[in-house]
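Reader: I am new to this structure. Please take me through it in short questions and answers.

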Amino acid sequence: MRERRSRFWLLCAIMLSVVPSAQAHLMNTGFGPFYDGLTHLFVTPEDLLPVIALALLAGLRGPRFGRSVLFVLPVAWLVGSTAGIWIAPQLTLPGLEIILTIGLGALLAADRPLPFAFVVSLAILLGLFHGILNGAELAKGPSSGQMVAVGVMVGLFVLVSLLAGQAASVRLPWMRVAVRVAGSWIVAIGLLMLGWSMRVPA
Amino acid sequence: MRHFKTDTTGNSVGFANTVRYTLVSLLLLLYPLTAFAHKRGGEAIGFASGFEHPISGLDHILAMVAVGLWGAQLGAPAIWVLPVVFPMVMALGGMMGLMGIKLPGIELCIALSAVALGFAVCTEARPKLWVAGMIVGFFAIAHGHAHGTELPMGANGVLYSIGFVIATGLLHATGIGIGLIHRWSAGRITLRLAGAVVAMGGVFFLWKVFSGDAA
């Protein structure tokens, strides 16, 4: 168990050290940095898709999983954003965020029992990784990066609470199937995104 | 001078409509278009063009609806396994197409998919679940690859992909929705007839492939 945990943190450290150049542009609502952050998630599918997958996955696994992800993911995202603002990494590793999306979608579609620590670790990984990407983009912008990051965190909290809550309350078998189908769609979207990222010009 | 029709109370119906259309037109002019700054010449610019792509070809529509119909005929768990398998494997095929990996006989496979799936619906074929999954997956690769190679260069692959997958899923859902008539005896006959129509469509596309008319 300890060896597995060490391997996980080692993987995290490697991934964080080779963060790709930021692609997600943060939107400008005109209402200030907090609201820019609040709406960011809802207009950035690259960030939204893995969050939907993780929230539904946590919800399907039960209220305990959902509650943990609800608090862990936004905090990890905020920590990642803060780190991203300060570090502003320039190294690239294309495809990693897409692979993360595909993995989360596949776990959702499979709907298999998962260890609690694994799901929480996924939330930390996702939050840190996407947070750093956001932070790196924020560092380039003129507005208060920290306030935008706080807005993103609040948006995440709302989104995860809604989705995980809904998924946790699923009782009818066909509704569970519908959630799993959503996972398969996320995998499909992720695979196509991967194809786009490796596209050969005609 | 233009005359407008009047209703029973003597009010001008045509004038009211004109005002309404003008208001709608003005509102549309106010709609911010800054997000669509890219030229719209058939490029993959976002959700709408991605959504449009799977429903723009009858061969694709027939096969995808047939997957839903067959799933509904087979019942649980195939009713949801097949529509889950198809988009994922299709996306894999699409990824291969986007990456420039060549596959032979794609158009032939697409035409055959309508024939085979239509035949399966028509005869109410009941293979084992994994066999049905393999059949659907095999044809899904061909459909996905064709889409992947046809995709024009565009600005937003993510939104395009979302639109594409949702449209595909909705086509399957349409098939499943229609397939729910399977619970009635008349519905079962209708479904088998629908399968025959899909198979005949497949034969038509097969003929087009062999005659060199395939798009």
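Reader: What is the handedness of the crossing where α6(A) passes α7(A)?
Author: This is a predicted model. In it, helix α6 (residues 116-140) of chain A packs against helix α7 (residues 145-168) of chain A, with the axes 9 Å apart. The angle between the two is about 145 degrees. As α6(A) passes α7(A), the crossing is right-handed.

Reader: How many charged residues are in the contact of α6(A) with α7(A)?
Author: From α6(A) come Asn134(A), Gly135(A), Leu138(A) and Ala139(A). They meet Gly145(A), Val148(A), Ala149(A) and Val152(A) of α7(A). By class, five are nonpolar and three are polar, so Gly falls with the polar ones.

Reader: Which pattern does chain A follow along the sequence?
Author: Chain A has eight helices and zero strands. Read along the sequence, the pattern is α-α-α-α-α-α-α-α.

Reader: What share of the residues in chain A is buried?
Author: Chain A has 202 residues. Take its contacts with a separation of 6 or more: residues 24 or more positions apart account for 85% of them. The buried share of the chain is 47%.

Reader: Which element of chain A has the highest mean pLDDT?
Author: The mean pLDDT of chain A is 82, and 79% of its residues reach 70 or more. Helix α1 (residues 2-17) of chain A has the lowest mean among the elements, at 57. Over residues 15-24 of chain A the pLDDT is below 50, yet beyond near neighbours in sequence this stretch has 27 contacts in the model. The highest mean, 92, belongs to helix α3 (residues 45-61) of chain A.

Reader: Which element gives the most to the side of chain A that touches chain B?
Author: In the model, 20 residues of chain A are in contact with 22 residues of chain B. On the chain A side, α3 and α8 (173-197) each supply at least two residues. One helix gives the most, with 14 residues: α8(A).

Reader: How many residues on the side of chain A that touches chain B are nonpolar?
Author: That side of chain A has 20 residues in contact with chain B. Two of them are polar and three are charged. The nonpolar count is 15.

Reader: What are the ipTM and pTM of the model?
Author: These two scores belong to the model. The pTM is 0.76 and the ipTM is 0.73.

Reader: What share of the residues in chain B is buried?
Author: Chain B has eight helices and zero strands. Among its contacts between residues at least 6 apart in sequence, 86% join residues at least 24 apart. Of the 215 residues in chain B, the buried share is 45%.

Reader: Which element of chain B has the lowest mean pLDDT?
Author: Chain B averages a pLDDT of 78, and 75% of the residues score at least 70. Over residues 29-43 of chain B the pLDDT is below 50; beyond near neighbours in sequence, that stretch has eight contacts in the model. Helix α5 (residues 106-123) of chain B has the highest mean, 90. The lowest, 59, is that of helix α1 (residues 13-30) of chain B.

Reader: Are α3(B) and α8(B) roughly parallel or roughly antiparallel to each other?
Author: The axes of helix α3 (residues 58-74) of chain B and helix α8 (residues 185-211) of chain B come within 10 Å. They cross at roughly 150 degrees, and the crossing is left-handed. Angles over 145 count as roughly antiparallel. The two helices are therefore roughly antiparallel.

Reader: How many residues of the contact of α3(B) with α8(B) are charged?
Author: The residues of α3(B) include Leu58(B), Asp59(B) and Leu62(B), and those of α8(B) include Gly195(B), Val198(B) and Phe205(B). Eight residues of the contact are nonpolar and four are polar. The charged count is one.

Reader: Is Cys122(B) buried or exposed?
Author: Cys122(B) lies in helix α5 of chain B. It touches Arg192(B), Gly195(B), Ala196(B) and Ala199(B), not counting residues up to four places away in sequence. The cut-off for a buried residue is 20 or more other C-beta atoms within 10 Å. Cys122(B) has 20, so it is buried.

Reader: How far apart in space are Cys122(B) and Arg188(B)?
Author: In sequence, Cys122(B) and Arg188(B) are 66 residues apart. In space, C-alpha to C-alpha, the distance is 9.6 Å.

Key
Residues are numbered from 1 along each chain as its sequence is written. Chains are lettered from A and ligands numbered from 1 in the order in which they are written. This is a predicted model: local features need pLDDT of at least 70, side-chain atom pairs count only at pLDDT 80 or more; totals for chains, interfaces and linings use all residues. pLDDT is the predictor's confidence in each residue, from 0 to 100. Helices (H or I, at least four residues) and strands (E, at least two) are DSSP runs, numbered from the N terminus. Two residues are in contact if their C-beta atoms, placed from the backbone, lie within 7 Å. A residue is buried if 20 or more other C-beta atoms lie within 10 Å of its own, exposed if 12 or fewer, and partly exposed in between; C-beta atoms are placed from the backbone. Axes are lines fitted to C-alpha atoms, for helices over the stretch in contact, and angles run from 0 to 180 degrees between N-to-C directions. Angles under 35 degrees count as roughly parallel, over 145 as roughly antiparallel, 65 to 115 as roughly perpendicular and the rest as oblique. A crossing is left-handed if the near helix is turned anticlockwise from the far one by less than a right angle, and right-handed if clockwise.
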